[in-house]
Each structure stands twice: as C-alpha cells, then as structure tokens.
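Hi there,

Here is the structure I promised to hand over. Have a look at it first, and then read on for what turned up in it.

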Amino acid sequence: MAVAARLAGFLTRKGISYRELPIGQALNEDASVMASGLPPEDFIRGTLLIDINGVVMAVHGFDSSLDLDAVQQLTGRRLQPLTARQGGRLFADCDPGFQPPIGAAYDIPVLVDEDVLQVGRALMTAGNDHTLIELEGRALRLALAGARGGHLVIRGQGNDKRESLTLEEVADKLQKLYRLPPMPALALRILKLTANTEATARELAELIEFDPSLTAQIMRYARSALFNYPGQITSVQEAVTRVLGFDRVAHIALGIASVRAFDVPRHGMLGMDSFWRHSLYCAFLCQRMATWCDADKGLSYLCGLLHNFGLLLVGHLFPAEFDELNKLREANPEASMHSLEVQVFGAGNDQDILAVGHGAIGGILHRLWQLPDPVVKAAGMHQQSGYHGEHDQYVLMVQLANGLLKERGIGDEFNPDDLPALAAALGLDDAALAALGADIDGVAGELDALAASLSS
C-alpha cells in the first residue's frame, strides 16, 4: 500500500480526499522533500514531544523549527523531543522517520502551528520512503480538527539537534577556541580604583579626564535633566561630587570603557544603539528598585548596565551569525532570545557552546574580567526564569526591569513576563510596579538622548 494503513483508514473514515505523489525511494524525510522537486515551504511535518503526561505531536512547516519555550507557554508543559526509536513504536505501520503529521490517525494529541492552518495546500510524508500526499487547505483543516492551535515555531532555518554543555565546559571551550577580548585598559583601571575604599573623587576624575570622549559623555550625563542640577558643571570632579556621586560615575565610566572591547554593528534590534538604550533604562530601573529592596544602589545600577554584555560578545566573535540572529529577532518578536540563539548556534564547529544563551556567555566574560559577583550572576542568569540562588535579588531586579521595558518595546525580548510574580519575589506590590512604570515614562526622553550620545 502506498499510504500507511492507519493514515489511509483515518482519511477515508473522515471523508478527506488526498492525492498521492510517488517519488524515488528516499533515505529520510528531508531527502523525500528534496526528491519531490516541490517547494519545501509547501510541506508540513510532525515533531513528536513527550513529558511525564505523555506524547503529543506538534505540526508545523517543514522549513520551520519548533520554539519549545512557545510550546511550554501554550501548554504549560515542559515537553522535549521524543527519540526516533520511541517514535517508531507509535507508528508501527510506517517506515522509520516517515511518520505522517496527522496525529489523530494514531490517537496522538496534536498541537498545530497557526501558520499551518492558513495554508492553501500541504504536502507531507505518507508513512513510507517512496510516497508523499497532498491535501488541499480545507482537507488539511479537517484532518487536524480538534488540534490545539497557536504560535509554535521560530520563523527561519535552524537545527535543534544539539547536546547541552555545562557552564564550566562552555567557559573552558570559549577560552580555548576563541580569543576573548580583554577588559580595555581604562576600564580595568577604573575597576581597580573602585575596589580601593580610600579612592577619592579627584582620582576618579583624573582617570576619566585622560580620555576626552569619556569625559564628554560623563559631563553630558551629569548635565542632563535626569538630575536637574541648578548650577553649572565645569569638570568631571564637580560631576562626581555635586551631581552623580562616586559610584554612579565610576559605573557609567566602566560601562562606556568596557564596551570598547567589542566590534558590533550599531543598527538593528540587537545593535549597539539598541544595546545602550536598553542598558541605560535597565540600570535606571534597577537602581530605583534598590531603594525598596534594600540592595546596594551602585551594584544594582551596574547589574542593569552590564547584564547584556554577552550579546556584544556574541556579535564580536560571530558577526555573520549575529546578523542572522538580528534578522530572526525582528521576524519573531514573540520568541524568546534563548530559542532564537539555539536556532542560530550549535550547528557544529564548536559553536554549540553558544547555544547556552548570551546571558551565560556574558556571565562567563564578567567572571574572567573579575567583575563583582552580583554583576556576574545578573548577567549569567537573567535569561533563567525562576532562578533562586546566590545574589538572586539582583537577578530578579534585572528580570523585572526587562519585563517592564518589554511593555514599552525596549530591549531584546518581547515575550511576556509574569510581572506581579517577579515583583512579589522582590517584596514589591502593584503600587510599586505602577510607580516604576511612571518613573520610566518620566525619564524616557533623557535616557533616549543619552543612549544616542553613547552609541554615536
């Protein structure tokens, strides 16, 4: 029989018409698509997933890859891909690897990507290595009747067959395989100065004034309407003593100087322009939260400012992949950054180490640069929801700040967060959330102007 028995029986019982398309014998489903000579975008496939509650089939475009974070958001389940051997047992009348994406024919619950439900026709494997079938759009929707629909995929090419690594292995591989940028000399001198409890405002000012560009940026910051200082500011030392304070100036200078280690494009949703805008807003909010959370204001500000440095490192080391990631980010606003990074990285050549996400990569870099532990944790764990551990207060502040910024289109992630839960974990209530939102709106103009000056 050209079509698997259970599939044929199901389609017949439902009165669903289809057309058989014989092809040359193929080694696998991918090869069968190529052998057909038909557009890959016209094909759909079924990916089998499993958790402790059982198996489901996710039906999606052949040239798309599942976003497991989106699947979890839709179902509330942490589903993982089923092994080929396990899947074969469920499709006893099919050739291995050629299971048709009609789960109902095999009594398997189905999730279907919303894009599939809009197609005018669909091509798919018929359960063997030498036949495809074609269903018109209406017939496909009948075959998928009862399936749960939603957005399930990352739009674009990808490869999700990767093995996970520990962070220790990632750090070891990063240092062995790539020439990681050292902390710039000026940033290192600023960091050493901040570690000296006897350091003075004059010493900090003199260090900054060695660099005319950094001096201009610190002065611009001090004169901004963010601080509404009524008098004239004519030197960095005055900016330190009268307006900004030692810690804030040191942290701003450290951030500006450190960014010089990276060569990253300015434009795009992940470019340097967007990076600075996101970082300044996040730093502002973290410092604002510190007052309510009884956290160190200076460290809170620095955590917000530097939490996304891993993204810069990725762009610096892998410009071509970073460009692809930038495009995927724009095409998939509802997808998590971790899902997009898994799609771009991990396709061999040891780049799978970057599939752990830019947060973990940033934390590793901060550790190598000997930044304070809360800054390391905030960078390394800000992509990990539900984190509980060392310095989790600073991680939560960054996560809550990012969640508030998502609502305003600021940052690199736009999938929704549970803001009340994040706030509650920090001991903040709805009134505090509203106040933080009002704070953002009140300083938006000034922060935007400062971000523009830093990235130019």
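**What was found**

H391 sits in the loop that joins α18 (373–381) to α19 (392–406). Helices here are DSSP runs of H or I with at least four residues, strands are runs of E with at least two, and both are numbered from the N terminus. Before we go further, please keep in mind that this is a predicted model: local features need pLDDT of at least 70, side-chain atom pairs count only at pLDDT 80 or more, and totals for chains, interfaces and linings use all residues. Residues are numbered from 1 along each chain as its sequence is written, and side-chain values use heavy atoms, with hydrogens and water left out.

H391 has a positive phi of about 60°, although it is not a glycine. Most residues other than glycine have a negative phi. With a relative accessible area of 27%, H391 counts as partly exposed; buried means under 20%, exposed over 50%, and partly exposed in between (1.4 Å probe, protein chains only). D107 is not a glycine either, and has a positive phi of about 60°. You will find D107 in the loop between α4 (84–90) and β6 (110–113), and with a relative accessible area of 66% it is exposed.

Now for the inside. The largest nonpolar core has 105 residues. A nonpolar core is a set of buried Ala, Val, Leu, Ile, Met, Phe, Trp, Tyr and Cys residues joined through side-chain atoms within 4.5 Å. Those with the most contacts inside this core are I218, F262, W276, L280, M289, L400 and L428. Helix α12 (residues 272–293) gives the most to this core, with 12 residues. Apart from this core lies another, of 30 residues, including V3, I16, I44 and V110. What does F262 touch, not counting residues up to four places away in sequence? The list is P181, F309, L312, L313, H316, L365 and W369, where contact means heavy atoms within 4.5 Å.

Helix α12 also has a partner to look at. α12 and helix α13 (residues 297–306) pack at an angle of about 155°, with their axes 7 Å apart. That makes α12 roughly antiparallel to α13. Axes are lines fitted to C-alpha atoms, for helices over the stretch in contact, and angles run from 0 to 180 degrees between N-to-C directions; under 35 degrees counts as roughly parallel, over 145 as roughly antiparallel, 65 to 115 as roughly perpendicular and the rest as oblique. Among the residues of α12 that meet α13 are F275, W276 and L280, and the α13 side includes S300 and Y301.

S300 belongs to α13 and is buried, with a relative accessible area of 1%. Leaving aside neighbours within four places in sequence, S300 is in contact with C286, Q287, A290, A295, Y394 and M397.

The buried ones are M337, S339, L340, E341, V342, Q343 and V344. Their cover includes β4 (65–66), α3 (68–75), β10 (153–154), α14 (309–317), α15 (319–331) and α17 (358–368).

Enjoy exploring!

Best wishes
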